[in-house]
Amino acid sequence: MKILILKKEKTLFDIEGDAVFLPSASEKGKFEILNNHCSIISMISSGIIKIYSSFFIKKKIYHNNDINISYNDNTTIIKLKINYGFLNFKKNILTIIYSFY
């Protein structure tokens with residue numbers, strides 16, 4: 001699935017991913033989106049978004065510690081600390097618009 005991570009008017013990531021774990025707006029809830037998930041629009045609460053990708057993603061220098069990129073075997077793991085946000089998943093494209101802490 002294609003994953004777009006947006007903050008304000010800037011695209012932080014435009015990548016192919018395999019799984020995304022997100023904090024849900026319900027109390028202490030979490031959910032996962034995989035390839036070919038049904039369409040969904042949802043609010044995201046504060047917490048950490050975890051993105052798993054089989055593609056290598058070059059580490060960039062960010063101005064804060066809210067983004068962490070690590071590697072495990074053939075998997076790239078991206079962790080984003082967010083305050084709140086919204087997601088839209090349709091036709092295997094996940095768009096996340098969020099705010100840092």
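**Reading a predicted all-strand chain**

Of the 101 residues of the chain, 39% count as buried. The model discussed here is a predicted one.

Me: What share of the contacts with a separation of 6 or more joins residues 24 or more positions apart?

Reply: Such a share relates the fold to the sequence. In this chain, residues 24 or more positions apart account for 55% of the contacts with a separation of 6 or more.

Me: How many residues does the largest nonpolar core have, and which have the most contacts inside it?

Reply: In soluble globular proteins, nonpolar side chains tend to be buried together. Here the largest nonpolar core has 23 residues, and Leu80 and Ile96 have the most contacts inside it. Setting aside residues up to four places away in sequence, isoleucine 96 touches Leu4, Ile5, Leu6, Val20, Leu22, Ile44, Ile49, Phe86 and Leu87.

Me: Is serine 24 buried or exposed?

Reply: The cut-off for a buried residue is under 20% relative accessible area. Serine 24 counts as buried because its relative accessibility is 9%. This serine 24 lies in the loop between strand E3 (19-23) and strand E4 (30-34). Beyond its neighbours within four places in sequence, serine 24 is in contact with Gly29, Lys30, Phe31, Met43 and Ser45.

Me: What does the surface of the chain look like, and which residues make a nonpolar patch there?

Reply: One may start with the total and then turn to a local feature. The chain exposes about 6500 Å², of which carbon and sulfur atoms supply 52%. Met43, Tyr84 and Phe86 make a nonpolar surface patch of about 320 Å². Of these, tyrosine 84 is placed in strand E9 (residues 84-90), and it is partly exposed, with a relative accessible area of 43%.

Me: How many aromatic pairs are counted?

Reply: For aromatic rings, both the distance and the angle between planes matter to the reading. The count comes to one aromatic pair. Phenylalanine 21 and tyrosine 52 form this pair, which is edge-to-face, with 5.6 Å centre to centre and 80 degrees between the planes. Phenylalanine 21 belongs to strand E3 and tyrosine 52 to strand E6 (residues 47-53), so the pair ties together parts that are 31 residues apart in sequence. Phenylalanine 21 is partly exposed at a relative accessible area of 33%, and tyrosine 52 counts as partly exposed at 25% relative accessibility.

Me: Which residues does isoleucine 48 touch?

Reply: A contact list is read together with the place of the residue. Isoleucine 48 lies in strand E6 and counts as partly exposed, at 45% relative accessibility. Not counting residues up to four places away in sequence, isoleucine 48 touches Phe21, Pro23, Lys79, Leu80 and Lys81. From C-alpha to C-alpha, isoleucine 48 and isoleucine 78 are 9.8 Å apart in space, while 30 residues apart in sequence.

Me: How many salt bridges does a search of the whole structure find?

Reply: The search finds one salt bridge. Lysine 2 forms it with aspartate 14, and the closest N and O atoms are 3.4 Å apart. Because lysine 2 lies in strand E1 (residues 2-7) and aspartate 14 in strand E2 (residues 10-16), the pair ties together parts that are twelve residues apart in sequence. Lysine 2 is partly exposed, its relative accessible area being 31%; aspartate 14 also counts as partly exposed, at 47% relative accessibility.

Methods
Residues numbered from 1 in each chain as written. Predicted model: local features only at pLDDT ≥ 70, side-chain atom pairs only at ≥ 80, totals over all residues. Heavy atoms only, no water. Core = buried A, V, L, I, M, F, W, Y, C linked by side-chain atoms within 4.5 Å. Buried < 20%, exposed > 50% of the residue type's maximum accessible area, 1.4 Å probe, protein only. Contact = heavy atoms within 4.5 Å. Helix = DSSP H or I, 4+ residues; strand = E, 2+ residues; numbered from the N terminus. Patch = residues over 30% accessible without salt bridge, like charges linked within 9 Å, V, L, I, M, F, W, Y side chains within 5 Å. Areas by Shrake-Rupley, 256 points an atom, 1.4 Å probe, with all protein chains shown as cover. Salt bridge = Lys/Arg side-chain N within 4 Å of Asp/Glu carboxyl O. Phe/Tyr/Trp six-rings, centres within 6.5 Å; stacked < 30°, edge-to-face > 60°.
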